[in-house]
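Biologist: I would like a close look at one part of this protein, namely its salt bridges and the residues that take part in them. Please consider the structure shown here.

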Amino acid sequence: TNRFNDELFEEVTWKDSFMRRWLHERFYVEAFSKAERNMILKARNQTETGTGETTETEDYVFFLSADEVLYGKAQDGTPYFANATERMAIPTAENIWECCLDSNNEFTYWLSENAEWWLRTSGKNNMYVSVVTKDGDVSREGRVVYSEDIMIRPAIWVDVSSLSGTKTESQETIMIPPSAGKYTDDIENTNISIAIGDDYAAYL
């Protein structure tokens, strides 16, 4: 399932969601080697809920917030995503094949070329979660938390100085597993980069 939460008709926020548990208990362990996990930093994330409150979590792997997608910038001022086109998620042929065929090898539903992907910010209430739409726009109203046809683009913070064992003066390109993608920007200083799943939106 690709549901943000695994319980039907139940309100939930990022802090207590099935997807957050899955990212930490399964994805983080299975997608990265022990050496790679040692490079990943714990992020302290502030997330807006559907009631206007803000929750704080500590995450090794996380989804971006609506504000981070729209306004997040690197230290040099370069945005995470320059425009809607860059925010589009294009599923690979393997993703489409695995997600859309049932046990009888028959298509259960079709995906368009682009797919929506989950953010961690709640939507119009705690039954909904914000998403990036197929056109690359941000829907703050969101989709219901048990929707199954939405993809994921996990993000991590990486200590790039550990790549070479020395401090770096310039941005490094971080190679991370295909299920997490490749996208980096220096944010706080030249030794820390954020990696965001790039054009790969995995179905679970």
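Is Arg26 buried, partly exposed or exposed, judged by its relative accessibility? Please set the answer in the context of the other salt bridges.

Modeller: Please note at the outset that this is a predicted model. Arg26 counts as partly exposed, because its relative accessibility is 42%. Its salt-bridge partner is Glu30, and the closest N and O atoms of the two residues are 2.8 Å apart. Glu30 counts as exposed, because its relative accessibility is 56% and the cut-off for exposed is over 50%. Both residues belong to helix H1, where four residues, or about one turn of the helix, separate them.

Helix H1 also contributes to a second pair. Arg21 forms a salt bridge with Asp6, with 3.6 Å between the closest N and O atoms. Asp6 lies in the segment before helix H1 (18-31) while Arg21 lies in the helix itself, so this pair ties together parts that are 15 residues apart in sequence. Both partners are partly exposed: the relative accessible area is 33% for Asp6 and 37% for Arg21.

A further pair joins Glu116 and Arg143, whose closest N and O atoms are 2.1 Å apart. Glu116 is buried, because its relative accessible area is 14% and buried means under 20%. Arg143, by contrast, is partly exposed, with a relative accessible area of 23%.

Strand E6 covers residues 138-144 and also includes Val144. Val144 counts as buried, with a relative accessibility of 18%. Leaving aside residues up to four places away in sequence, Val144 touches Trp118, Met127 and Tyr128. The C-alpha atom of Val144 is 8.7 Å from that of Asn126, a residue 18 positions away along the chain.

As to the wider setting, side chains of opposite charge can pair when their charged atoms come close. Across the whole structure, a search finds 11 salt bridges. Besides the pairs described above, Lys42, Arg44, Glu56 and Glu58 are linked in a network of salt bridges. To return to the request, Arg26 is partly exposed, and its salt bridge is with Glu30.

Notes
Residues numbered from 1 in each chain as written. Predicted model: local features only at pLDDT ≥ 70, side-chain atom pairs only at ≥ 80, totals over all residues. Heavy atoms only, no water. Helix = DSSP H or I, 4+ residues; strand = E, 2+ residues; numbered from the N terminus. Buried < 20%, exposed > 50% of the residue type's maximum accessible area, 1.4 Å probe, protein only. Contact = heavy atoms within 4.5 Å. Salt bridge = Lys/Arg side-chain N within 4 Å of Asp/Glu carboxyl O.
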